[in-house]
Amino acid sequence: MSSETKQILTTDGIPLEVSLKKAEKKNKIKAFLLVAPLLLFLIITYVFPIGEMFSRSVDDKMITNMLPKTFKEMEKWDGKELPSEEVFAAFYYDFKVLVEKQEHGKLGQRLNKEKNGFNSITKKLFRQVKRKKIDESISIKEQVMKVHKRWRNVEYWQAIKRTAPPYTMSKYLKGMDMYYAADGSIAQVDEDRRIHRILWLRTLEIAFFVTLFCFLMGYPIAHLLATLPMKYSNLLMICVLLPFWTSLLVRTASWMILLQQQGVVNDFFVMIGLVADDNRPEMMYNKVGTYVAMTQILLPFMVLPLYSVMKTISPSLMRAGKSLGGTPFVAFWKVYFPLTIPGIGAGCLLVFILAIGYYITPALVGGASGTLISNQIAFHMKQTLDWSFASAMGLMLLSGVLVIYWIYNKLVGVDNIKLG
Amino acid sequence: MALPSYTETRYRIWHYIYIAICTFVFFFLIAPLFVIFPLSFNAEEFLVFSEGMKNLDPDAFSLRWYKDMIYGTKNPWGLAAKNSFIIAIFATIGSIILGTLAALGLSSRHMPYKGIIMATLISPMIVPLIISGVAIFFFMAKVGLAATHTGIVLAHIILGTPFVVITVTATLSGFDHSVTRAAASLGSNPVNTFMKITLPLILPGVISGGLFAFVTSFDEVVVVLFLAGLENTTIPIQMWTGLREQLSPTILAVATCLIILSTLILISAELLRRRSERLRGINR
């Protein structure tokens, strides 16, 4: 049978199977060539730079390149007692090269981050080297140790040794409020200085509750939109779509006006007697503001996927449920609700993904207690200029988002994202 | 949503609660936008409704903030608007070209590795903007395009293409490929077929994707904050600075203009969606 199949030839005398495969391959290449420009563009300008963030976040080559001889000698050092004459000498020669290149300041600053007090003792050593006070013909160890008493402290040499590997995870540890202790083990930051962990937890908390609020508010109106006759639902749909298309900053600005102490919301509370006029609550620059504004801004992303799923559910199913003896609640819970779960999944994941990386709204209405991890990343990018730490935190956030994105892709499929 | 006459009282009550909740949510969604209109005509400098405004006194209203927006001294809005439009238009054109080509390829059933490629192409929409901003900034700084219009346009193409890919792929999902085969059998070359047959049919999807890309670029602030220099300031950047420093009524005048713009875009997007559904034969 198979040999007969193979004998079918096209008019050119090529076996059909070969010819078909060739055509298939040609089509594949054609399709791929259409995608190629965008794919290439994204890989160069987007995917690679994200990869570069990773190498930046673990990069610690600066000192490795500054003190090559020292680290070579240090390989033999057990790290317990003061290093040998060779290590001291190697360090001195490395340092001399740095002084000539005027890079000793950078070394001092970098080592100071590893252990406090390095900046001043490298400056002292620099002065001695500059004035050529150190005699290279006699023991360098003795002379360096005389420059400052800290050069006689083994902890400082241990700190130098810790900077030897060209890669470090310290930025990631810092992002989780941990650090490398003097003996190389991982230690926790003091309890009162654990700021990053608070931020991570707060980001998760706000993203979770915003998703929950969006679901609680979005579900009823999506249901209403899906069950109303077309001419009414089209009109009401504008209420969902107009905020969706309006500038994020405009919407944030309107919340800033509404929530301020003399704002409309407070006026209303005073009017109905909920609060006293001289005791208006602070609703902005705290978590309340972040919750309210983010819920309103992200609500359309919940309503639209829910609506598109509910639209496909036939109303006769509910009627059937009721005619079989279910109360409206039972019919809703056992028939309607399970059918909307794909929409709930899509909406919740989308809102959660968007909320977890939110930056603009928390920065404007959040104040100090409403800022999220994104604000911290921006702070390190723009203010402290610790780009490697910003990269590390960004990638930690990204890995979380990618996990949710992967789940979303499995459950919903990216090609099923609906817009408008 | 009229209830049948036999409905029991408790379900009747539930129904009214449901309607009340829905009304509240719709109000919550749309009302914040409307607080901006009256305040932008405020004669005073404060962002609260003055007594005069509450009594509808004509003297309490004025166009001074609109005048300030257009003629004000040392006013950044003119330059910002010019930059915003230039950047958004070029970013839209770029997104449309790259995104449409990619969507055509992705819709072909011969496309290899469709899932992973689609996930990559959509990723700029999913990855938090702050991370995109950092990554794109590193790239643009390395190739010397930071603080240039070109750099911002390229960044906005990255952020805009996912929308075009999604809308055009959705349009193509109902596309009858036999029409292109018919064109080919009648002797048309692929480029001609695309221009004369495919493009007119998918045009609503392409344009609505383009609208998304335009709005994305026009409203984008996080990435621009990293990339823009003083000459590349855009409307969102000016609004961001203004909102952080002092909330002046001029910003509300600008915001009103932006709301009008987004209403126009919403209307065109809706018309396009309906046209596209009609063309694809989806009847309701």
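Visitor: At what angle do helix α11 and helix α15 of chain A pack?
Guide: This is a predicted model. In it, helix α11 (residues 195–227) of chain A packs against helix α15 (residues 287–310) of chain A at about 45°, and their axes are 7 Å apart.

Visitor: Which word describes that arrangement, parallel or oblique?
Guide: Oblique: angles under 35 degrees count as roughly parallel and 65 to 115 as roughly perpendicular, so α11(A) is oblique to α15(A).

Visitor: And is the crossing left-handed or right-handed?
Guide: The crossing of α11(A) and α15(A) is right-handed.

Visitor: What classes of residue make up the contact of α11(A) with α15(A)?
Guide: There are 21 nonpolar and four polar residues in the contact of α11(A) with α15(A), and no charged ones.

Visitor: Let us turn to α16(A) and α17(A). At what angle do their axes cross?
Guide: Helix α16 (residues 315–323) of chain A and helix α17 (residues 328–356) of chain A cross at roughly 130°, and their axes come within 9 Å. Angles over 145 degrees would count as roughly antiparallel, so α16(A) is classed as oblique to α17(A).

Visitor: Which residues make that contact?
Guide: From α16(A) come L317(A), M318(A), G321(A) and K322(A). From α17(A) come P328(A), A331(A), K334(A), V335(A) and Y336(A). By class, the residues of this contact are six nonpolar, one polar and two charged. As for handedness, α16(A) passes α17(A) in a right-handed crossing.

Visitor: Why does R110(A) count as partly exposed?
Guide: Because R110(A) has 17 C-beta neighbours inside 10 Å; a residue needs 20 or more to be buried, and 12 or fewer to be exposed.

Visitor: What is R110(A) in contact with, leaving aside its neighbours within four places in sequence?
Guide: On that basis, R110(A) is in contact with M62(A) and I63(A). R110(A) and I63(A) are 47 residues apart in sequence, while their C-alpha atoms are 7.9 Å apart in space.

Visitor: Now the two chains. How many residues are in contact between chain A and chain B?
Guide: On chain A, 73 residues are in contact with 76 residues of chain B.

Visitor: Which helix gives the most to the chain A side?
Guide: That is helix α2 (residues 16–58) of chain A, which gives 18 residues to the side touching chain B. The residues of that side of chain A divide into 53 nonpolar, 15 polar and five charged.

Definitions and conventions: Residues are numbered from 1 along each chain as its sequence is written. Chains are lettered from A and ligands numbered from 1 in the order in which they are written. This is a predicted model: local features need pLDDT of at least 70, side-chain atom pairs count only at pLDDT 80 or more; totals for chains, interfaces and linings use all residues. Two residues are in contact if their C-beta atoms, placed from the backbone, lie within 7 Å. Helices (H or I, at least four residues) and strands (E, at least two) are DSSP runs, numbered from the N terminus. Ala, Val, Leu, Ile, Met, Phe, Trp, Tyr, Cys and Pro count as nonpolar, Asp, Glu, Lys and Arg as charged, and the others, Gly among them, as polar. Axes are lines fitted to C-alpha atoms, for helices over the stretch in contact, and angles run from 0 to 180 degrees between N-to-C directions. A crossing is left-handed if the near helix is turned anticlockwise from the far one by less than a right angle, and right-handed if clockwise.
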